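Reader: I'd like to learn how to read a few features in a model like this one. Could we go through them together?

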Amino acid sequence: MVGGWVVHALLEAGASVVALVRDTDRRVEFFRSGAWRQVALVPGQLQDFATLERAINKYETDTVIHLGAQAIVTAAERVPLETFESNIRGTYNLLEACRVHHDLVKRVAVASSDKAYGDNSGKPYSEDLPLIARHPYDVSKTCGDLLAQTYAYTYGLPVAIARCGNIYGGGDLNWSRLVPGTIRSLRQDQSPQIRSDGSYVRDYLYVKDAASAYLTLADRAAEDGVRSEAFNFSAGEPRSVLELVGCIASLMGKQHLQPRILDQARHEIPHQVLSADKARTRLGWQPQFSLEHGLQETLAWYDAFLEGEAA
């Protein structure tokens, strides 16, 4: 989902884009929008070092934005091996391919996650907090984060790290996630389901703001004060799960459909809020979308998508 919107932003900026694509799902934004026709497609997986090395060499890639991952927390709990192979092996394969072709690659941005911090509840997370993840998805992102730092400090690779809050927006077809699942349920006049008790607090970052964060970070990754550094990106509008569901219901005029609280979530962090002060002061990055504005655009995307699916 994020990759599709990053490609949109890169094309709008006039970049020549090469995209590694594992699965060809014509429903996702990257294909649905036609963006795939404007890029060089490389079929393959992050676990295949030869594919990554060939793509960088063949297309003389100067900037790498590493977004590929197994990103579903519940899937990571069920089958951790696939998550570790994709998120850990995939990250060191890509960083090593960049190191091998350091004469070509001038900038690298790696997507870590707020989950890499683990449970540091009680205050907004800043980048100097330790990474103390404990569970499969979270640990996989911690490992990728530390691998990026290793390649920066040991080999001088011009890499910087993004730690984003929960990214939402059009194109997320993982219906088990809160935003798309809630929208689909409400459109069907069904009560949305909440896996947790509804009290968990998160930062929610609109996907277009996330895309601008990745482009900003990639563009500046070789600079002093940015190379080897991690940066939090958030909108600064944390909400509880219940508050977010209520906001979506209000925008859709479905307040009468009360959420069904399952309280089945395991290994979830109760309170996870990021401080993006470092990104604002050092990179000059600012989110452009309020939560309400981002959700309005998101709802418009799903309206078009779900109506097209039903046609």
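This is a predicted model: local features need pLDDT of at least 70, side-chain atom pairs count only at pLDDT 80 or more; totals for chains, interfaces and linings use all residues.

Reader: In which sense do strand 8 and strand 11 pair?

Author: For strands, look at the direction of the pairing and at the bridges. Strand 8 (residues 201–202) pairs with strand 11 in the antiparallel sense, over two bridges. One of the residues to look at is Arg202, whose bridge partner in strand 11 is Arg239.

Reader: In what order do the three strands of the open sheet come?

Author: The order is 11-8-13, and the pairing in this open sheet is mixed. Strand 11 (239–240) and strand 13 (271–272) are the edge strands, each pairing on one side only.

Reader: Now helices. At roughly what angle do the axes of helix 1 and helix 8 cross?

Author: For a crossing, take the angle, the approach and the hand together. The axes of helix 1 (residues 2–12) and helix 8 (residues 207–220) cross at roughly 65 degrees and come within 9 Å. The crossing is right-handed. Helix 1 brings Val2, Trp5, Val6, Ala9 and Leu10 to the contact, and helix 8 brings Val207, Lys208, Ala211, Tyr214 and Leu215. By class, that contact has nine nonpolar residues, one charged and no polar.

Reader: And is Asp114 buried or exposed?

Author: Compare the relative accessibility with the cut-off: buried means under 20%. Asp114 counts as buried because its relative accessibility is 2%. Asp114 sits in the loop between strand 4 (107–111) and helix 6 (136–155). Beyond its neighbours within four places in sequence, Asp114 has contacts that include Tyr125, Arg163, Asn166 and Gln272.

Key
Residues are numbered from 1 along each chain as its sequence is written. Side-chain values use heavy atoms; hydrogens and water are left out. Axes are lines fitted to C-alpha atoms, for helices over the stretch in contact, and angles run from 0 to 180 degrees between N-to-C directions. Helices (H or I, at least four residues) and strands (E, at least two) are DSSP runs, numbered from the N terminus. A crossing is left-handed if the near helix is turned anticlockwise from the far one by less than a right angle, and right-handed if clockwise. Contact means heavy atoms within 4.5 Å. Ala, Val, Leu, Ile, Met, Phe, Trp, Tyr, Cys and Pro count as nonpolar, Asp, Glu, Lys and Arg as charged, and the others, Gly among them, as polar. Buried means under 20% relative accessible area, exposed over 50%, partly exposed in between (1.4 Å probe, protein chains only). Two strands pair if DSSP finds at least two bridges between them.
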